[in-house]
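Hi,

Here is the structure I said I would pass on.

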Amino acid sequence: MGADAKTAMKVEMTEAAAKRIAKIVADEPGKIALRISVEGGGCSGFSYKFDLVDGRNDDDVAIEKDGATLLVDDLSLVYMGGSVVDFVDDLMGQSFQIKNPNAVAGCGCGTSFSI
């Protein structure tokens, strides 16, 4: 795999996302990370699923920052490569947002996309 392919398969998280993940996990006994996965369905073809988990799977890629761990499985990584996970707290509310360069379309819910 060339350097460009490795970079494309990477997922990053912002400092705001890391702080929020660390806080959520600290408040949930037994949970160690936030898992983001891509599933078929949703308004635009694919949707993101967020879960607090108590362990890692063999195919998980761990993204760690500032004491927070984000897990993405190999299959989801194919659709999320190059993405940045952010946490936004504004007048519209609080939410994790994924800036995915692979998505060619999205919808108003913010968790559904197409490739």
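The accessible surface of the protein chain comes to about 6,600 Å², and 52% of that belongs to carbon and sulfur atoms. Keep in mind that this is a predicted model. Of the 115 residues in the chain, 34% are buried.

As for the fold, there are 3 helices and 9 strands, and along the sequence they run α-β-α-β-β-β-β-α-β-β-β-β. If you take the contacts between residues at least 6 apart in sequence, 51% of them join residues at least 24 apart.

Now for the inside. The largest nonpolar core has 20 residues, and Met13, Ile21, Ile36, Leu70, Met80 and Val85 have the most contacts inside it. Two or more residues each come from helix H2 (15–26), strand E2 (33–40), E5, helix H3 (74–80), strand E6 (84–90) and strand E7 (93–99). H2 gives the most, with 4 residues.

Leucine 70 counts as buried because its relative accessible area is 0%, and the cut-off for buried is under 20%. Setting aside neighbours within four places in sequence, leucine 70 is in contact with Val11, Met13, Ile21, Leu34, Ile36, Val61, Ala62, Ile63 and Val85. Alanine 22 is 48 residues from leucine 70 in sequence, and their C-alpha atoms are 9.7 Å apart.

Valine 85 is worth a click too. With neighbours within four places again left out, its contacts include Val11, Met13, Ala17, Ile36, Leu70, Phe96 and Ile98.

Cheers

Definitions and conventions. Residues numbered from 1 in each chain as written. Predicted model: local features only at pLDDT ≥ 70, side-chain atom pairs only at ≥ 80, totals over all residues. Heavy atoms only, no water. Buried < 20%, exposed > 50% of the residue type's maximum accessible area, 1.4 Å probe, protein only. Contact = heavy atoms within 4.5 Å. Areas by Shrake-Rupley, 256 points an atom, 1.4 Å probe, with all protein chains shown as cover. Core = buried A, V, L, I, M, F, W, Y, C linked by side-chain atoms within 4.5 Å.
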